[in-house]
Amino acid sequence: MKNYKGQERLNLSNLPKASELPRQESLYYTSNPRFYVAVDCIIFGYFDGHLKVLLQKRDFEPFSGEMSVQGGFVQEGEDIDEAALRVLCERTGIRQVGITQVGAFGEVDRDPGARVISIAYTCLIDSNMCDEEVVEQHHGQWADIDALPPLHFGHGEMVRQALSQLRGNMGRKPVCFHLLPPLFTLTQMQKVYEAVLGEKLDKRNFRKRIADMPFIEKTMLIDKKHSKRGAVYYMYNEDRFKLINKFKV
């Protein structure tokens, strides 16, 4: 293939992909140190008006007996997203969940066991969807976001950044519905926002904004268990949101 000066131009489409190249680890990068790569998952859930994080009581060193976020090491032949989804499934029993990368954490002394580079992820789940037996099997415990125990490995900073990311998304993305059941009242929805943002919201202004969102649909069902007057149930229509693609609270 010639360029405008008559010189040969490289055809990038004919170059092999990195995954197609033979791996010759004995020949490459031998002068460089090797590190462990981990994924740490900040799993947010909502319980009785409180935003919580699913932690794990460690039964192995380092820091056995203390709390940490849910995590694990990336395995051979596994990319980092796959590793994060595997950890989430192993610790909650949930197979279908959306994840968002928070960032990379590679402080030299973050893990006393070895040099570990960790990629942190966050996800939002309806806590009722968790398999309680799976959570207990892995010593999982839900901790209030405002009363977290001391966390090692830089996990406290991971949670802080994940919470900041979540709060930034609450007003411009429909992330709140991951914390709500399929059918919810407007009061329940407002309480989720207040729990995440850490502040009280004006009821009238909040409902006025919700009324302008046609993808939050009113149903014919009534909540008679939690409301004396019988609050109306609403539902989130994801297909309708995709057509509008506009969210602002």
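Guide: Phe153 is buried, with a relative accessibility of 6%; buried here means under 20% relative accessible area, exposed means over 50%, and partly exposed covers what lies in between, with a 1.4 Å probe and protein chains only. The model is a predicted one, in which local features need pLDDT of at least 70 and side-chain atom pairs count only at pLDDT 80 or more, while totals for chains, interfaces and linings use all residues. Residues are numbered from 1 along each chain as its sequence is written, and side-chain values use heavy atoms, with hydrogens and water left out.

Phe153 has a positive phi of about 60°, although it is not a glycine. Its place is the loop between strand S6 (140-144) and helix H3. Helices (H or I, at least four residues) and strands (E, at least two) are DSSP runs numbered from the N terminus. Phe63 also has a positive phi, near 60°, and is likewise not a glycine. Phe63 lies in the loop between S2 and S3 and is partly exposed at 25% relative accessibility. The loop between S2 and S3 also holds Pro62, which is joined to Glu61 by a cis peptide bond with omega of about 0°.

The buried residues of H3 are His155, Met158, Val159, Ala162, Leu163, Leu166, Asn169 and Met170. They cover an arc of only 130° around the axis, which puts them on the same side of H3; the arc is that of the directions from the helix axis to the C-beta atoms. As background, an α-helix has 3.6 residues a turn, so residues three or four places apart point the same way.

What covers this buried side? The cover of the buried residues of H3 includes the strands S1 (36-47), S2 (50-57), S3 (67-73), S4 (100-105) and S5 (116-124), along with helix H4 (186-197).

Of the covering strands, S5 is mostly covered itself, with 8 of its 9 residues buried. S5 pairs with S1 in the parallel sense over 9 bridges; two strands pair if DSSP finds at least two bridges between them. Phe44 has Leu124 in S5 as its bridge partner. S5 also pairs with S4, here in the antiparallel sense over 5 bridges, and Phe105 stands opposite Ser118 in S5.

S1 leads on to a charged pair. Asp40 and Arg110 meet through their side chains in a salt bridge, at 3.6 Å from N to O; such a bridge is a side-chain nitrogen of Lys or Arg within 4 Å of a carboxyl oxygen of Asp or Glu. The pair links distant parts of the chain, 70 residues apart, with Asp40 in strand S1 and Arg110 in the loop between S4 and S5. Both partners are buried: Arg110 has a relative accessible area of 8%, and Asp40 is at 7%. The structure holds 6 salt bridges.

The nonpolar side chains complete the picture. A nonpolar core is a set of buried Ala, Val, Leu, Ile, Met, Phe, Trp, Tyr and Cys residues joined through side-chain atoms within 4.5 Å. The largest one has 42 residues, of which Ile42, Phe44, Leu51, Phe177, Met189 and Ile216 touch the most other members. Phe44, then, is both the bridge partner of Leu124 and one of these core residues. With neighbours within four places in sequence left aside, Met189 is in contact with Cys176, Phe177, Leu180, Phe184, Phe206, Ile210 and Ile216. Another core lies apart from the largest one and has 16 residues, among them Val39, Ala84, Cys123 and Val135.

How values were computed
Contact means heavy atoms within 4.5 Å.
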